Amino acid sequence: MRGLDLRYFVRRIGMFFLVIFAAASFNFLIPRLAPGNPIGAINSRMSQASAGIENGQAMFEAYRKRFGLDDPIYIQYAKYMWNTLRFDFGESLSAYPAEVWEIVRPAIGWSISLIGVSVLITFAMGITVGAMLAWKGTPKLVRAFLPITMIGGVLPYYLLAMLLLYLFAFTTKLLPMSGAYDSGIPRELSGPYIISVLRHAILPALSIILTSVGTWALTMRGLIVNTIGEDYMLLAEAKGLPKRRILWWYSVRNAIPPQLTHLAIALGYVVSGAILVEIVFSYPGLGYQLYMAIVNSDYTVIQGITLILAVSVGLSVLIIDLIYPRLDPRVTYVAESSG
Amino acid sequence: MNSATLPGTTLTNLKATIGGTFRRIIAFFQENHMFTFGVLLLLALFLFGAIGSLWISPKKADMGANPLNLSPSAEYPLGTDGLGRDMLAVMVIGIPNTFKIGFLAGAVGVLIGTLIGLFAGYYRGFADTLFSSFADVMLVIPTLAILITISAYVRVVTVEIMAVIVGLLSWPLPARVIRSQTLSLRERLFVEVSRLSGANDFEIIVLQILPNLTAYLAASFVGAVSAGILASVGLEVLGLGPQTVPTIGRTLFYAFKYSALFRGMWWWWGPPVFTLATIFTGLFQMSISLDKYANPRLKSAGRG
């Protein structure tokens with residue numbers, strides 16, 4: 001591929017696996033370093049639920065055997081890593097014998113579409129508004145937009161989510177308050193179902209978009225301003241190209257690639273924020289499942305979801321890094337300029 | 001910026017330096033309205049908590065200490081929540097706790113980050129490669145995910161433990177900033193001069209490099225406090241924060257758990273939302289004015 005040499009490619013992929021490896025190792029180590037033990041926690045939870053369990057000790061032993069806790073630690077580690085690689089996170093503790101993967105899989109779709117669509121809209125809006133702010137001919141009305149969104153940019157997503165929910169769902173009842181679709185409609189690709197899904201997604205998506213678009217616009221304006229002194233801008237002006245064309249085809253085009261780097265850095269933050277937005281709206285994505293798992297002390301589900309979050313952020317950053325040199329020919333990772 | 005403070009400063013020099021620093025701090029506040037505004041916002045909130053606790057008995061923040069679900073009135077200016085807590089008392093106790101977590105977490109994060117950054121940037125080589133790759137890996141993994149796993153197992157009991165756990169994970173960003181600055185500072189002339197005049201590594205780092213990092217340290221600290229509060233409130237909202245004392249995030253956790261939003265009890269979720277908005281606004285104002293000092297190029301770019 002243009003601008004990509006094999007060494008950089010291998011290094012970048014290696015970095016991705018290092019991230020997954022680190023996240024998985026954290027997941028393995030934390031429960032073993034923490035005081036107390038999960039089996040004891042399950043036992044005490046079960047005895048709370050049914051006022052004492054028979055053969056508690058025998059069950060304890062059975063669990064130890066089942067989870068391989070009698071093996072030496074490095075065997076446990078190897079087994080754990082092998083299972084993780086196959087997306088086998090074991091069984092849910094609260095919804096036993098359902099597998100963690102079965103519980104998590106439907107949630108992934110909801111989260112990816114919510115976060116993905118919000119990020120794309122934010123990105124497009126941020127670029128457009130930022131470009132317009134840097135341009136002298138922009139009407140005052142658009143200029144007033146920035147300070148307003150900057151106020152939102154200070155807040156964590158879920159605070160705005162609560163305000164939006166109160167204003168548009170609770171008070172005015174314009175939009176639904178919780179969930180991802182109306183339960184009365186059959187879940188198939190029909191008109192009413194799609195409309196219901198969209199109506200449920202508006203407020204969660206707006207919470208993410210409105211709080212982040214200001215920052216995007218501001219950095220975009222900075223990047224555009226930086227292009228003003230460049231030679232190609234001077235040449236474009238000297239050629240007598242219309243101002244509008246210079247802005248969109250010369251300035252904006254050159255300012256977009258660095259924004260992608262910002263996106264790669266911001267992604268972990270967006271995902272963390274979206275977790276809490278899902279809880280506000282009881283939106284059935286990974287964040288809400290995580291919340292339910294914490295409430296139910298379902299450790300295997302908690303581990304599965306946190307690992308999936310780390311992997312998906314790592315993967316998105318990897319993809320952005322790999323397409324980056326394709327989008328911006330000025331950036332090459334050939335030979336020693338790598339890293 | 002105070003550069004080239006050569007070792008062997010006499011006491012009178014030191015006094016003059018302290019006086020000069022003090023005057024410079026005053027001038028800084030006068031010049032940076034946004035920074036001052038941010039500090040005043042935070043100070044106002046802190047005083048609300050500090051002075052409030054002199055008037056209001058902390059017992060009123062206990063469950064069942066008051067009638068349930070009262071909207072604001074003369075007796076309960078912020079109403080009571082669904083579990084019979086006086087919301088005013090909850091806020092008065094919760095705000096200082098949230099500040100405490102933020103500042104402690106920020107201090108831990110910046111301290112570790114600075115030590116690692118100075119070490120990696122000054123000595124370079126293998127240690128630098130190791131620390132930098134580790135920091136890069138940590139930056140990609142969403143911190144909240146690790147924090148959730150830790151808190152799910154440890155079930156944090158006190159405000160202090162919470163702050164330290166959050167702080168232990170927030171060092172990569174400060175470390176990266178300090179490292180890159182140290183890398184460039186160590187090549188500067190005044191460092192070279194001091195090395196030639198026989199200063200050892202420790203003296204060079206503490207007396208030559210560190211004083212030139214003040215702006216970066218301050219900016220990193222404000223950023224780390226902000227990130228610390230954000231992360232800890234996030235955990236508390238999930239029900240993973242300190243279990244025994246009221247914090248802003250824990251108030252929100254109860255508001256979610258007992259559907260305050262759907263029951264129209266705005267006085268339950270409103271005050272914590274307002275408080276958090278004020279805290280983040282204040283910290284944001286501080287961080288953008290500090291960024292101008294840490295990153296002078298922004299100043300000219302911002303003019304447009």
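1. Basis of the model. The model is predicted: local features need pLDDT of at least 70, side-chain atom pairs count only at pLDDT 80 or more, and totals for chains, interfaces and linings use all residues. Residues are numbered from 1 along each chain as its sequence is written, chains are lettered from A and ligands numbered from 1 in the order in which they are written, and side-chain values use heavy atoms, with hydrogens and water left out.

2. Overall build of chain B. Chain B has 13 helices and zero strands, where helices (H or I, at least four residues) and strands (E, at least two) are DSSP runs numbered from the N terminus. Its C-alpha trace spans about 75 × 45 × 40 Å along the principal axes. Of the 304 residues in chain B, 49% are buried; buried means under 20% relative accessible area, exposed over 50%, and partly exposed in between (1.4 Å probe, protein chains only). Among contacts in chain B with a separation of 6 or more, 72% join residues 24 or more positions apart, a contact being heavy atoms within 4.5 Å.

3. Packing of two helices. Two packed helices are described by the angle between their axes and the distance between the axes. In chain B, the axes of helix α3 (residues 87-123) and helix α6 (residues 159-168) come within 7 Å and cross at roughly 35°. Such axes are lines fitted to C-alpha atoms, for helices over the stretch in contact, with angles from 0 to 180 degrees between N-to-C directions. The residues of this contact comprise 11 nonpolar, three polar and two charged. Here Ala, Val, Leu, Ile, Met, Phe, Trp, Tyr, Cys and Pro count as nonpolar, Asp, Glu, Lys and Arg as charged, and the others, Gly among them, as polar.

4. Interface with chain A. The contact takes 42 residues from chain B and 47 residues from chain A. The two chains bury about 4,000 Å² between them, 83% of it on carbon and sulfur atoms; buried area is the accessible area (1.4 Å probe) that two parts lose on being put together, summed over both. B:Y153, B:L238 and B:F262 supply 18% of the area that chain B buries against chain A, more than any other three residues. Between chain B and chain A there are zero salt bridges, a salt bridge being a side-chain nitrogen of Lys or Arg within 4 Å of a carboxyl oxygen of Asp or Glu.

5. Salt bridges within chain B. Over all chains, the structure holds nine salt bridges. One of them joins B:K60 to B:D86, with the closest N and O atoms 3.7 Å apart. B:D86 is buried at 2% relative accessibility, whereas B:K60 is partly exposed at 29%. Another salt bridge pairs B:R176 with B:D136 (3.2 Å, N to O). B:R176 lies in helix α7 (residues 172-185) of chain B and B:D136 in helix α4 of chain B, so this pair ties together parts 40 residues apart in sequence.

6. Positive phi values. Most residues other than glycine have a negative phi. B:R124, however, has a positive phi near 50° and is placed in the loop between α3 and α4 (125-140) of chain B. B:S259 also has a positive phi, of about 50°, and is found in the loop between α11 (248-257) and α12 (266-294) of chain B.
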